[in-house]
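Please look over the sequence and the model before reading on.

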Amino acid sequence: MAANAIDQTRRMLSLVTYLRERPGARVGDVARAFGVTEDELISDLDVLPLCGTSFRGGDLLDIDTDGERIWWHNPDDVAAPLRLAADEATALLVAARAVATLPGLRESDREALVRATAKLEAAAGEVAGASDRLSVTFESEGGVFAEVDRAISERRRLWLKYYSPARDELAEREVDPIRLFALGHTYMEAWCLRSEARRTFRLDRVAEIRILDEAAAPPELELRDLSEGLVQPSADDPEVVIEVGPSGRWVAEYYPHDSAEDTADGGLRIALRTPDPASLRRLALRLGRDGRIVSPPELAVSARRAAAEALAAYEEQGEPV
């Protein structure tokens, strides 16, 4: 979990108390009070109605906005004393212990979480014993996160050995880190000295990392708006056309695209843009018989060659010794 995700969680918890005491609060006033943009606040408000006092889905926060003011319709119901069932207490204890070990969590927040966990354990009684036998393991990127977080704090350059799936290679890079963020995985946005451009690195693909003595000096860049996701194709990116069968229609749901036309066999002909067309070879291999790359021609040939090589390797491994 990146620092901004932790900040968002802390902010939303504070929002609950803030909004309960200020019915009909103006969106602009609340955004200024929390030091965020109105769009970021609206994003938080979209999540809050999914939260409540029961893991079973009851007693959810009934919060909405008309774009100018924020209304909370059931603050008194939600403020009732919390009563946890055994499975709810167990899930909460396991989650709390896991979050307390996350890198990037402020020490004051970690201490507060440990104190709250101790109180919950005391209240849960015998249930707490069952939760001791359960644990959650996060992606093995904690050490990398800590190094990146430190480099950002100290404004120092980083050396990486990074795996690129598009080229299927490990490459060494020196980068000036800009920020950490989480979108499914944890990422570092940085200025890459080799490319002389802004690049995004997934932390679980960092094989080695080292903080250098050189000071980081990334150029002044406007932070990317990630509200629409990590991959945001440009109109200048090359167009790729993919045809998928009925079982491959999910591609249109997961990949931003310019168009998706129905085909006679119940599939789709999808036109999309990407700065790195070669990265779609992996998609073609995953689709197998359910899809194929139509254009550009050189990518279609490359994808067929990759599929043939993968099949040959599979058949070779399957031969008896």
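## Basis

This is a predicted model: local features need pLDDT of at least 70, side-chain atom pairs count only at pLDDT 80 or more, and totals for chains, interfaces and linings use all residues. Residues are numbered from 1 along each chain as its sequence is written, and side-chain values use heavy atoms, with hydrogens and water left out.

## Two helices

Helices (H or I, at least four residues) and strands (E, at least two) are DSSP runs, numbered from the N terminus. Buried means under 20% relative accessible area, exposed over 50%, partly exposed in between (1.4 Å probe, protein chains only).

Helix 2 spans residues 27-34. Val-27, Gly-28, Val-30 and Ala-31 are buried there. Down the helix 2 axis, the buried residues fall within an arc of 165° (taken from the directions from the axis to the C-beta atoms), so they line one face of the helix.

Helix 3 covers residues 38-47, with Leu-41, Asp-44 and Leu-45 buried. Their arc is within 100°, so they too line one face. Asp-39 and Asp-46 are exposed on the other side of helix 3.

## Strands 4 and 8

Strand 4 (residues 156-164) is mostly covered, with 7 of its 9 residues buried. It pairs with strand 8 (residues 206-215) in the antiparallel sense, over 6 bridges. Pairing requires at least two DSSP bridges between the strands. Leu-158 has Ile-211 of strand 8 as its bridge partner.

## Ala-271

Ala-271 sits in strand 11 (residues 268-273). Its relative accessible area is 8%, so Ala-271 counts as buried.
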